Amino acid sequence: QVQLVESGGGLVQVGGSLRLSCEASGRTFNRYQMGWFRQTPGKEIEFQASISWSGETHYGDSVKGRFTISRENGKNMVYLQMNSLKPEDTGVYYCAADHIFQTAAAAYDYWGQGTQVTVSL
């Protein structure tokens, strides 16, 4: 089992950058595939990026070229570097963990509490 805690959200202007962090508890972090998702009111939760235990990455179409997911297995950390932010990137960002490298939110077993990102004009 793993527990996840996100941080790094905040208010940023259009075109700015933020780096989200997700700290995982547990000794077997490097066995988990990690993902980032965004929740916006009235919309379904949206896949942003995922990274396998070995560093293979996958991105949602809306963030390709702007966001970068990375992980430090020795520190039990996963990050989401967000550049060139747009108003539509606003939402609550969740870190998630699962044993399978995938993009479907419903399949992830473990979730953090979320961190709010607001991109203003």
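**Disulfide, ring cluster and hairpins**

A: A disulfide joins Cys 22 to Cys 95, with an S to S distance of 2.1 Å. The term denotes a pair of cysteine sulfur atoms within 2.5 Å, and by this rule the count comes to 1 disulfide. The model is predicted, so that local features need pLDDT of at least 70 and side-chain atom pairs count only at pLDDT 80 or more, whereas totals for chains, interfaces and linings use all residues. Residues are numbered from 1 along each chain as its sequence is written, and side-chain values use heavy atoms, with hydrogens and water left out.

The link of Cys 22 and Cys 95 is left-handed, with -80 degrees about the S-S bond. It connects distant parts of the chain: Cys 22 belongs to strand 3 (residues 18–24) and Cys 95 to strand 9, 73 residues apart. Helices (H or I, at least four residues) and strands (E, at least two) are DSSP runs, numbered from the N terminus. Both Cys 22 and Cys 95 are buried; buried means under 20% relative accessible area, exposed over 50%, and partly exposed in between, for a 1.4 Å probe and protein chains only.

Strand 5 (residues 46–51) is mostly covered, since 5 of its 6 residues are buried. Strand 4 (residues 33–39) runs antiparallel to strand 5, and 5 bridges join them; two strands pair if DSSP finds at least two bridges between them. Within this pairing, Phe 47 in strand 5 is the bridge partner of Phe 37. The hairpin of strand 4 and strand 5 has 6 residues between the strands, among them Gly 42, with a positive phi near 85 degrees. Strand 5 also pairs with strand 6 (residues 57–59), in the antiparallel sense and over 3 bridges. Here Ser 50 stands opposite His 58 in strand 6. These two strands form a hairpin with 5 residues between them, and Gly 55 in the turn has a positive phi of about 105 degrees.

The bridge partners Phe 37 and Phe 47 also meet through their rings. Rings of Phe, Tyr and Trp (for Trp, its six-membered ring) pair if their centres lie within 6.5 Å; planes under 30 degrees apart count as stacked, over 60 as edge-to-face and the rest as tilted. The count by this rule comes to 6 aromatic pairs. One of them is formed by Phe 37 and Phe 47, which is edge-to-face at 5.7 Å centre to centre and 65 degrees between the planes. Because Phe 37 lies in strand 4 and Phe 47 in strand 5, this pair ties together parts that are 10 residues apart in sequence. Phe 37 is buried, with a relative accessible area of 0%, and Phe 47 is buried at 12%. The rings of Phe 37 and Tyr 108 have centres 5.2 Å apart and planes at 75 degrees, so this pair is edge-to-face as well. It links distant parts of the chain, with Phe 37 in strand 4 and Tyr 108 in the loop between strand 9 (91–98) and strand 10 (110–111), 71 residues apart. Tyr 108, like Phe 37, is buried. Ring pairs link Phe 37, Phe 47, Tyr 94, Tyr 108 and Trp 111 into a cluster.

Strand 7 and strand 8 pair in the antiparallel sense over 6 bridges, and Val 78 in strand 8 is the bridge partner of Arg 71.

The hairpin of strand 7 and strand 8 has 4 residues between the strands, and in it Asn 76 takes a positive phi near 55 degrees. Most residues other than glycine have a negative phi. Asn 76 counts as buried at 17% relative accessibility. Ser 84 also has a positive phi, near 50 degrees; it is found in the loop between strand 8 and strand 9 and counts as partly exposed at 41% relative accessibility.
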